[in-house]
Amino acid sequence: MLRELANRWDAVELWVTQLAFPFQVVLAIVVVLPLCWATAGLLDRAVDAVVLLGARRRPTQRSGAAAPPPAERP
């Protein structure tokens, strides 16, 4: 199975290298640009999830908010 995958990859690689340069550029843009866009979107969601998880685990403190005064004992 792995050999068949390698043979198919080699066939596609040979086909791409035999194309004229402008077609190679267009093909790279059509394939690589959406792939990079999707990868960036997935990474953005993953980072957001990690940040939210970290924010939920840590107690929140508001910056600039004064702490309540200690209770007085009679």
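**Entry 1**

The model is a predicted one, and I read every value below as computed from it.

I then asked which side chain Arg8 meets in a salt bridge. The partner is Glu4, at 3.3 Å from N to O. Glu4 is partly exposed, and its relative accessible area is 42%.

**Entry 1: Thr17**

I moved on to Thr17, which is also found in helix H1. Is Thr17 buried or exposed? I found Thr17 exposed, at a relative accessible area of 52%; the residue counts as exposed because the cut-off for that class is over 50%.

I next checked the side chain of Thr17 for polar neighbours. One of its polar atoms lies 2.9 Å from the backbone oxygen of Leu14.

I turned to Val25, which lies in helix H2, a run from residue 21 to residue 57. Val25 is partly exposed, with 33% relative accessible area. Its value passes the threshold for patch membership, because a patch residue needs over 30% relative accessible area.

Which residues form the nonpolar patch on the surface? I listed Phe21, Val25, Ile29 and Leu33. Together these four side chains' residues have about 410 Å² of accessible area.

**Entry 2: The chain as a whole**

I counted 2 helices and 0 strands in its secondary structure. The chain has 74 residues, and buried residues make up 0% of them. I noted under 20% relative accessible area as the cut-off that defines buried here.

The accessible surface of the chain comes to about 7,700 Å². Carbon and sulfur atoms account for 68% of that surface.

Key
Residues are numbered from 1 along each chain as its sequence is written. This is a predicted model: local features need pLDDT of at least 70, side-chain atom pairs count only at pLDDT 80 or more; totals for chains, interfaces and linings use all residues. Side-chain values use heavy atoms; hydrogens and water are left out. Patches are made of residues with over 30% relative accessible area and no salt bridge: like charges are joined within 9 Å, nonpolar side chains (Val, Leu, Ile, Met, Phe, Trp, Tyr) within 5 Å. Accessible areas come from the Shrake-Rupley method with a 1.4 Å probe; for residues, only the protein chains shown count as cover. Helices (H or I, at least four residues) and strands (E, at least two) are DSSP runs, numbered from the N terminus. Buried means under 20% relative accessible area, exposed over 50%, partly exposed in between (1.4 Å probe, protein chains only). A polar contact is a pair of N or O atoms within 3.5 Å; within protein, one must be able to donate a hydrogen and the other to accept it, and residues adjacent in sequence count only if both atoms are side-chain atoms.
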